[in-house]
Amino acid sequence: TLDLNDTLTGSLTNAGSADIDATIDGNVSNAGTLDLAGDITGSLSQSAGTTTVSGASTLTGGLDIDGGALTINAATTGDVDIASTATLDLNDTLTGNLTNAGSADIDAAITGNVSNSSTLDLAGDITGSLSQSAGTTTVSGASTVTGGLDIDGGALTINAATTGDIDIASTATLDLNDTLTGNLTNAGSADTDATIDGSVSNAGTLDLAGDITGALTQSAGTTTVSGVSTVTGGLDIDGGALNINAATSGDVDIASTATLDLNDTLTGNLTNVGDADIDATID
């Protein structure tokens, strides 16, 4: 065991149990149990075991977690890299960028950017951006992502109020179950069952069962209204198909290369220069 209560100038390699309550001017390598409440001027690397940050800490060289668990229970400064065989439990502020290829549970604010390619549970604010190449991000607590959510692959599930623009690529999916404050750009598959306080641009597959305070524009693909919806800024369909299977409020504009299949009440004006099949009331 190690109990460090004053400055260490040198590197620390730990395979046992180390309690760090002072500054280390060097690198730390952990494969055992490490409790950290002090600064590290170098980097912290971990191949296995557990590191718990229990006191405010700054790690100049970042935290590289290749295996085992990292638990942050106190304000931490430093970039964090979570490998595919590692986990992160963030319960206090992180100032730095997070790269996750393992499993990350975020219950606190991150001042920095987040990159995900595995499993991420978000219930905290991100002042930077959230980008995802693969895997799954689930928003389980009210969150603001200042730089937006750029989902190039995998799935984004929103189960709590979220603020930030969202971009869904052609190989990605969105399942929206709580309010989004921000604009949505969709080229993949989006299922929206809640209000969007912003505009929506679709070029993929969109299922709509909630209100949009802005406009819905579509260049290609398909939008299906499956639940009662109000689109304040109107529905501007320049390409692809619009299927209305539930009561819809908003002006609809169908371009020459687009189609409309109206099977439930439309409250609003219809302008059609494409192909429109009207099987319901237009109020």
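At 41% relative accessibility, D66 counts as partly exposed, a class that lies between buried (under 20% relative accessible area) and exposed (over 50%), as calculated with a 1.4 Å probe and protein chains only. The model is a predicted one, in which local features need pLDDT of at least 70 and side-chain atom pairs count only at pLDDT 80 or more, whereas totals for chains, interfaces and linings use all residues. Residues are numbered from 1 along each chain as its sequence is written, and side-chain values use heavy atoms, with hydrogens and water left out.

D66 is placed in the loop between β11 (63–65) and β12 (68–72); strands here are DSSP runs of E of at least two residues, helices being runs of H or I of at least four residues, and both are numbered from the N terminus. Together with D64, D79 and D81, D66 contributes to a patch of negative charge on the surface. Such a patch is made of residues with over 30% relative accessible area and no salt bridge, like charges being joined within 9 Å and nonpolar side chains (Val, Leu, Ile, Met, Phe, Trp, Tyr) within 5 Å. Accessible areas come from the Shrake-Rupley method with a 1.4 Å probe, and for residues only the protein chains shown count as cover. A salt bridge is a side-chain nitrogen of Lys or Arg within 4 Å of a carboxyl oxygen of Asp or Glu. Asp and Glu count as negative and Lys and Arg as positive, with His and the chain ends not counted; the place of a charge is taken as CG of Asp, CD of Glu, NZ of Lys or CZ of Arg.

Strands of a sheet pair through backbone hydrogen bonds, in either a parallel or an antiparallel sense. Two strands are treated as paired if DSSP finds at least two bridges between them. Residue S45 lies in strand β8 (residues 44–46) and, at 26% relative accessibility, counts as partly exposed. The C-alpha atoms of S45 and N116 are separated by 20 Å, the two residues being 71 residues apart along the chain.

An open sheet of four strands has the order β10-β13-β16-β19, with parallel pairing. Its edge strands are β10 (57–58) and β19 (110–111), each of which pairs on one side only. Two bridges in the parallel sense link β10 to strand β13 (residues 76–77), where T77 is the bridge partner of T58.

Strand β21 (residues 119–122) and β23 are paired in the parallel sense over four bridges, with D121 opposite T138 in β23. Strand β23 has a covered face formed by T137 and V139, and an uncovered one formed by T136 and T138. Between strand β23 (residues 136–139) and β26 there are four bridges, also in the parallel sense; T137 has L156 of β26 as its bridge partner, and T136 has A155. Strand β26 (residues 154–158) is largely enclosed by the rest of the structure, because four of its five residues are buried. Five bridges join β26 to strand β29 (residues 172–176), and these strands run parallel; the bridge partner of I158 is L176 in β29.

A second open sheet comprises three strands in the order β38-β41-β44, with parallel pairing. Strands β38 (229–230) and β44 (266–267) stand at its edges with a single partner strand each, so one side of each is left without a neighbour in the sheet. Two bridges connect β38 with strand β41 (residues 248–249), and T230 has S249 in β41 as its bridge partner. The loop between β40 (240–244) and β41 holds N245, which counts as partly exposed at 40% relative accessibility. N245 and L262 are 17 residues apart in sequence and 6.8 Å apart in space, C-alpha to C-alpha. The loop between β43 (258–262) and β44 contains N263, a partly exposed residue with a relative accessible area of 34%. N263 and S117 are 146 residues apart in sequence and 40 Å apart in space, C-alpha to C-alpha.
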